[in-house]
Amino acid sequence: MNYSNNRRSSTLTPELIKKYNWRIWKALIFGVLAFAIFILMIGLGVFGDIPSFRAIEHPKSNEATEVISEDGKVLGTYFVKNRSNVNYSEISPNVINALIATEDIRFRSHSGIDFKRTFTIFLYALTGKKQGGSTITQQLALNLFSEEGRAKNFSKRIIQKFQEWIIAIKLERNYTKEEIITMYLNTVDFGNNAYGIKSAARVYFNTTPDKLTIPQAAVLIGLQKGITRYSPTKNPERSLERRNTVMALMVKEGYISQDEFAGEKEKPLNLHFNAASNNDGIAPYFRSVLKSEIKKILEERSINKADGTPYDLDRDGLKVYTTINYDMQVYAEEAQKEYMKTLQDQFSKSWKGRNPFRGMEKLIDQGIKRSDRYKALKLEDKSDDEINADFNTPTKLTIFTWKGNIDTVMKPIDSVKYYKLLLRNAMMAMDPKTGDIKAWVGGINFEHFKYDQVKVGTRQVGSTAKPFTYAVAIENGYSPCLTVPNEPVTIEGYGKPYTPGNSGTPLPGSITLQKALAYSQNYIAAYLMKQVGPTAVVNEIKKMGITSDVPAVPSICLGTFDASIYDMVGAYGVFANKGVWTQPNFITKIEDKNGVVLYESKPIIKVAMNEEVAYVMTRMLRGVVTGGTGSRLSYKYKVNAPIGGKTGTTQNNSDGWFMAITPDLVAGVWTGCEDRAFHFTSTSYGEGANSALPIYAGFMRRVYGNPNLKVGKNDFAPPTSGVSIVYDCNQYQQQEQTPTELDKKLGF
C-alpha cells in the first residue's frame, strides 16, 4: 500500500510540469534579461569606456610622422609606434588573402562576430585544443581602443571580450569590409618596432605593401600568432615553418594553387631587414633639426588640431615634405664615410709618438661631465670620488670606429680621450636659385654623436671669409687684376694695431688680387681690409645671411669669427645667384594625416650685392680651383667642371673648410675635432684642401655621374647688361699701359 502511494506521488502531474516549465522559463527570461542588462551596462561604459560613434569614425592610433624627400622617398619617421597608414588599393591581395585564410575565413560574410566560430571554441576546449574566437573586426577593436592589449585578469578578459563585440558591431555598421581590413593591417603590431603593414613591409623586406609576394605576405601574417615566437629575425626556422603553414591555409581556401605552394614553400625567407628606430634612415642629423623646426613653426603660427590641442609629431601621422634630394643625401653620406676613414688614419699617424693630452686635463674633465655615463651616475647620487673610480675602472663599452661599432673593454676615461681625437665632419649642399637644401650631413654618426654641425654648431671659418672682403673691394672699384705688393700690412684705428702673418711662405713680389685669393694670401686680404674697413665688410657679411656674431675688427678678413655651415652655404649662394641671397630652406610643406596642408614655405629673397660684382667673384673663385689652393679638385680628384671654391684653414689647423659654387649647387664642408685644442700637427694634413675638399670631390663625382639629378657642368652666365669691371688681367694690363686723355694733357 505504501509502495503504491509512493509511486503515485513520484508521478509528474500536469500541474507539476506546468510549475517546472514556468520555473525554467523564468530562469531563462531572467538570464536573458540579466545578459541584456549586462550588455547594456557594458555599452553604457559601466565596466569601462566604450568609444562613441565619433571615436569610431575617427579612431585614434599612434601614427608615425613621415619625412619625405623632394623625390617622394621616405627619409625617416618620428614615432612612438612606427606606424604609417596605407589605403586598401596600396595593399597586395596576397596580404589580404593570407590574413583571411589564417585569421577569419568567414570575414566577408559575418557582421563582426562569427558565432559559429565563437561557440566551436568551447568544443575545441573540451578536446584539449585551443582556437581563437576573435574575428578580424574584433581584433581591430582591440588594437584601436585598448592601450593595454588583451587583459590578463580573467574577469577583465570576459568584460573586454564583450566590449569587443559591441565595438566590432559598430565598426561593421559604419565601415565596409575593405575599410575594416585596411584599418586592421594599419594598426597591427608586426614586431621589431613595425606597426602596420607599410612599416612591416619596409622593415622586413625593404619594399612597399603593394609589392609583397605570397611568401613575404605569409611571413608577416604568420607573425600574428606570436611576434617573438615566429619572428623572422629572432627565430627564422619557426618563421619559415609558420610561413608555409599560412600558405597551406591559403591553398585550402583556394587563394593559391597547390603548384604555387609547392614552388614557394622551398624558398628561403629572403629578408632585407632594416631595423626601425628614430635614428635609422638617411639624414638623421637633418631629421633631428627638422623636428625642432616643425615644432617651432606649428607653435609660432598656432597651428593646432581641430580640438585645439597641439600636434604630436610622434603620434599624429603628419607628412613633412622636404627639399632634400634622396640620391644627393646618400652621395654626401657615402663621400664622407669614404674619405674620413683615410683622414682619420692620417690624423692618428700625425700624433704617433706624441702625447696630445698634455695640459688638456680641463678639456678631458669637461668631456667626462658631458658624457651620458656621467649624467647617469649623477642621477644615481654617486659622489665625485665614486664617479672618478667608475671612469677609471675597465668595463665593457661599445665604441664607434670607421670600421663599425666595436665591443671592447676599456676605462670610460680612455673612451673620452679616444673620442676627443676623433675627427668630426659636416656638409651641406643647396640650390642657390631656390635656396632648397639638397643634402645635409650634420656629423659622422648620429648614434654616438648627436650634435648637429650644419645649423646648430658654429666653427671658426678661416680663409673662407676672405671672399667677403674681396667682394666689398670689388664693389668699391677694385679690379681682380690690381697688382699689390705681397708684404705685411698694419691696420690701425681699431684698438691694438693689427699686423697679420701669412700662413706658410708668401708669394714673392707684387701679385694680383685674383692670384692672392687663389693662393689665400693673408697680406693681400689685410691690405684690402685696410682700404675698405671692417664696418663695410661686416655689413656685407650680414647682408649675405651670416647670423652669428661678427665683430667689426680687422681680423675678420682672415675669418676669425665663427659661423655655421648653413649660413656659409647661404652666403656663398649670393655669388652663384647673381648677387641675390635666398634663405636656405628645407621644408616644402607639412600635411596632416588626411592630406590637409598645414604649412607651406615661401622663399625669402633679398638683393645682397650688385649682379656684376657677384659675377666677378665667381670668376675669382673659379681661379681658386683652376690654379690655386683648390686645384687638386681637378688634377687629383678629376672633377672637371666650372666650379668656384675657397679653401679655409684656421689657426693650428683646428678647422678645415671647403666652400664650392656652381650655377646649380652650392656646398660647404667642414672638418675638425670636437674641441679646437685637438688638431692636426701639420698644415699639409690639416688644411681645408686635404681635410674638406676631398669629401666635396667624392660628392660631386657621384652627382655628376647621375644625369637624373640635372646638375649640369655649365659655367656662370654673365649679366645680360654686360660687365664693366675688368677681370681679364691681360686686358687690364693693356688698359693700364695705354695713356688716358688726362695723361696726355699732363704730359705722361
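**Ground rules.** I number residues from 1 along each chain as its sequence is written, and side-chain values use heavy atoms, leaving out hydrogens and water. As the model is predicted, local features need pLDDT of at least 70 and side-chain atom pairs 80 or more, while totals for chains, interfaces and linings use all residues.

**The sheet.** I looked up the strand order and found an open, antiparallel sheet of five strands, β7-β6-β18-β17-β16. Strands here are DSSP E runs of at least two residues, helices H or I runs of at least four, both numbered from the N terminus; two strands pair if DSSP finds at least two bridges between them. β7 (437–441) and β16 (644–649) are the edges, each with a single partner, so one side of each has no neighbour in the sheet. The twist averages 5° from one strand to the next. I then checked β6 (424–430) with β18 (666–672): they pair antiparallel over seven bridges, and Ala429 stands opposite Ala667 in β18.

**Helix over sheet.** I see α24 (611–627) lying across β16 and β17 (655–661), at about 65° to β16. Angles run from 0 to 180 degrees between N-to-C directions, with axes fitted to C-alpha atoms, for helices over the stretch in contact (heavy atoms within 4.5 Å).
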